[in-house]
Structure formats: C-alpha cells, structure tokens
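Please keep the sequence and the model in view while reading.

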Amino acid sequence: MFGFAKKRLKTQNNMSNKNKNTYFGLSTPLGRSATATIRLSGWESKKTLEKLTAGKLDNPKHRTSYVVDIYNKNNTLIDNVIILYFKGPNSYTGDDLVEIHSHGNPIIIEQICETLLNLGLRPAEAGEFTRAAYLNNKIDLVQAESILSLINSNTIDGVNLSLNSVSGSLSIKTLEMRKEIIEALGLAEYELDISETDTHKQTIKVIKKRINRALLDTTKLISTAKSARINTLGASVVIYGKPNVGKSTLFNTLLNYERSIVTDTAGTTRDTVDVASTIGRHSVVLVDTAGIRKTEDIAEKLGVERTQEKINEADISIQVVTGAPSTKAANPNNITVLNKTDLLEKNEINNVRKNKNVICVSAKNKTGIPSLLKQINKKLDSKSQCKIETQITSTRQKQRLKNIQKELEKVLRNKETNLEIIAHHLTCAIKEFDSLLGKTSTDDVLDSVFSSFCVGK
Ligand code: GDP
C-alpha cells in the first residue's frame, strides 16, 4: 500500500556507504579552553584508539573513561587526555564512537587532527555525526532538526522547547497524527476493495471525523511556528522611515555601539544592516534599512525594495519619524518613534505624547530609549508566548505540515464524497508525514538539513 518503505531503503543504503570510513571532528569551538573534545565515529574507531595510545588502549570497554597519553606518528607525546569509548549501536551515531578530551590548546588540537589524518581517518562533514544517528535510526529527521535548534537557541524558552522535541515529543505527536490518517485510509480502501454492502456514507462520516482530528492537530502545530522561531532564532526588529530621520543613529543607540554610518547626507544606508542583539530576555536581529523615498538611483532603489521586504518579514517594525506621526489605526506589529525630540519645544512633545502609540526619543542624546525598549520587550513577550507544549522547530517542518493541512482541507472543505478522491488525498498526506519524519527523504533534503550543523556535530 505505501511506497515509502522501498524508497527509504534505497536512500539509506546510498547513505550508509559513506559511513564505512571513519571520520573525526572537533566538537567544541576552536580556541583556548580547559578542554577540547574531538570525536571519531566509524568502524575503525577502536583500532585508531589503539594506535593513538601506542597500544595501551587495545580493548576499551563501552561507556568507560580512560586517562591516557596519546602520540603522533613519530611516537612523540601529544597530550595526556581522557578517552571515552562507546560501542555501536549504543552511541550517539549508532556506530563505534570515541571521544578524546584533550587540553584546549589549538596546537594540541591540530596535532591530534593531523595524527588522525595520518592514521587514515577523514574529517567529518557538517552535521555528519547527527546524520549518522539519523541513518542508523537512532533519531528521526524532526529530532535531528531539534538538536540543531537546541544548539542554536538563544533563549531559555528556545532551549526548553528544542529539548522537548529532541526527546521525541514532536515525533510522537506527528506519529499519532499519521496513524489517524493511516487508519482513515485503511477504512477507505476496505470500503473500496472489499466491502460489498453500500456503507459508503457511514464510512465517509467516520473517516472525516479522523481527518478532522488530524487537521486540528496539524493547525495547532503550525500555529507554534512563529513563537518557536522567535524563541529559538530570535525576532526580527526592523527600523524604517524616510531618509535622515535618524534610523542609523537609533540603530546604533539600541546596539550601544557605532555599527551603522551616520551622516547628514540622505540615502547613506543603501543596503540593510543586520546585527544580533538582546532586548530583555529576548534574542533579536536588529535591522537598519535604507530610507524610503522616491529615487532614480538604481542602488538606492534596490535598497528601498529590500527595506519593504524586511518590513513585511519583520516581527516588529519601528517607524522613525521627525514630524507629526500618522493617526492611522496602529498596526500591532508596528511601533512609531518620534525622533529628534531634542529639537522640539516641550509643548510640541507633550502634544505628541497624547498619542500612546508614539514613543518620543532623541536617538542622538539617548533619551526615551528605555521606554522604547520596554515597548519592544512587551510586544516580544506576547509574540513569544505559546501555551502549546509541543512546538515545531524548523521552517521545513512548517512547510510539510502546511502541505498536510492542504490535503486534509481538500477533503473537508469540498465536502468530498468520492472515496477514491478521499483515499488519494489521504495517501498524499501520509507521504508528507513520512517526509516530515524523514522516513522518505532525498539526499537533497538531508544535505539541506545537515549542512546547517557545525562540523563536529
Ligand atoms: P538615517 O538616514 O535615518 O539613518 O539618519 P541618520 O541616523 O544617518 O541621521 C541623520 C542626521 O540626523 C545625522 O546628522 C544625525 O546626527 C542626526 N540625528 C539623528 N538622531 C538625532 C537626534 O535625536 N537629534 C538630533 N538633533 N539629530 C539627530
């Protein structure tokens, strides 16, 4: 009934050839530190360990640590290290795995890597350890993405939600939804192939009940995408307005350093400038944009177009003005900032202050900035809140769920009564579930997921 099993086998056979050779990678950042961790994975890990320790560690035990000296090809001591050995399949990758914890000096790290190369190992590709874990069925694709999200999360909420998915809650939820659809398809196929009585109407009713349940769950999961993205990757906060209103000055003031060029000449910022920062407990990407005005200059025109794109994608947009702000109904994502208030009379400022949606600042003199930060923080608090415990952790997951949603909606919205058409949509939805979980995945999809990892992960 389902074509995925064959496809999966084919894909995985192709991939596992890659794992026949043993690879290594630095799992900690390169630099000076108390310790550094280099991992090796593959069938020659154990043999490599024996050679690296000049025969001392010839039969390491699973999950056991050893303090030993390691040597280069000339038998010269490299370092005194801690070795941890994991016998596959009970390791992170599912293959034999060794962790070398050396002293965190880049020279030592380089010597270890060179020795491993001399011993015939190859450097790992980005995300290869986690890719091996996926190919060896230790984790599914959703969990692999959640590991990436766990490493990259910039907030405690992001860490917690990623951890929840790494432990399998998102996979379990999607498997439950998939089961619902498989059972609905089973009913449809039984009715079509075997049932001789005319019970179509009743069966369709039962099938639609199941579809409805799965659709509600799908929609719920999709709704977590925005807050999850804000909590893991950070929110995009875009500063925009006409040229010379003080956008770059405000951008620098919010960052606390001179990142953007500030001049009296209009049209200086022609491209967007993105800088990661934090506001309150939130991680943000602050974006300075080209001033919006009609122009014939091609570079500036492109800059203005890019500004518009950034505003559309923004979680929060800050419109900087120097004159009377618009009285139009406030967009909930937008904050209007009246800048250069140091040049205004008190009564002029007081007039503007009557409009609670406008924040008065002087970016140059750094006044009014705490109120602005408070307002951004308040908006981010509400945007990042999510009462749903299981949340998605990547745009790929969101896209797959949207495809599932489309297939299920086609049955319900069209009040479909043709069982063959219903079965077709259910089959398409199951394929999307399989691709979501990585049961069927092409190398392209895997490359795009794992290339975002760092080398030692
Ligand atoms: P942008 O084109 O909107 O990015 O504006 P800039 O940040 O480059 O500033 C344009 C000019 O306005 C510069 O001369 C700034 O020093 C000046 N400026 C910016 N903010 C303020 C402010 O709060 N008060 C005053 N008086 N001048 C400011």
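Is Asn164 buried, partly exposed or exposed? The model is a predicted one, and in it Asn164 has 17 C-beta neighbours inside 10 Å; because a residue needs 20 or more to be buried and 12 or fewer to be exposed, Asn164 counts as partly exposed.

**Surroundings of Asn164**

- Asn164 belongs to helix H6, which covers residues 156-166.
- Leaving aside residues up to four places away in sequence, Asn164 touches Ser169, Glu389 and Thr390.

- The crossing in which H7 passes H8 is left-handed.
- On the H7 side the contact is made by Met177, Glu180, Ile181, Glu183, Ala184, Leu187, Ala188 and Glu191, while H8 contributes His200, Thr203, Val206, Ile207, Arg210, Ile211, Arg213, Ala214, Asp217 and Thr218.
- Sorted by class, the residues in this contact of H7 with H8 are 9 nonpolar, 3 polar and 6 charged.

**Helix H2 and its buried face**

- Within helix H2 (residues 45-52), the residues Ser45, Lys46, Thr48, Leu49 and Leu52 are buried.
- Viewed down the axis of H2, these buried residues fall within an arc of 160°, so they line one face of the helix.
- The partners against which the buried residues of H2 pack are strand E2 (33-41), strand E3 (64-71), strand E4 (77-86), strand E5 (97-104) and helix H3 (106-118).
- Ala54 follows H2, and its phi is positive, near 50°.

**Helix H9 and what covers it**

- In helix H9 (residues 225-232), 7 of the 8 residues are buried, so the helix is largely enclosed by the rest of the structure.
- Ala225, Ser227, Ala228, Arg229, Ile230, Asn231 and Thr232 are the buried residues of H9.
- The cover over these buried residues of H9 includes helix H5 (141-152), H6, H8, strand E7 (235-241), helix H13 (369-384) and helix H14 (395-413).
- Gly234 follows H9 and has a positive phi, near 110°.

Note on methods. Residues are numbered from 1 along each chain as its sequence is written. This is a predicted model: local features need pLDDT of at least 70, side-chain atom pairs count only at pLDDT 80 or more; totals for chains, interfaces and linings use all residues. A crossing is left-handed if the near helix is turned anticlockwise from the far one by less than a right angle, and right-handed if clockwise. Helices (H or I, at least four residues) and strands (E, at least two) are DSSP runs, numbered from the N terminus. Two residues are in contact if their C-beta atoms, placed from the backbone, lie within 7 Å. Ala, Val, Leu, Ile, Met, Phe, Trp, Tyr, Cys and Pro count as nonpolar, Asp, Glu, Lys and Arg as charged, and the others, Gly among them, as polar. The arc is that of the directions from the helix axis to the C-beta atoms.
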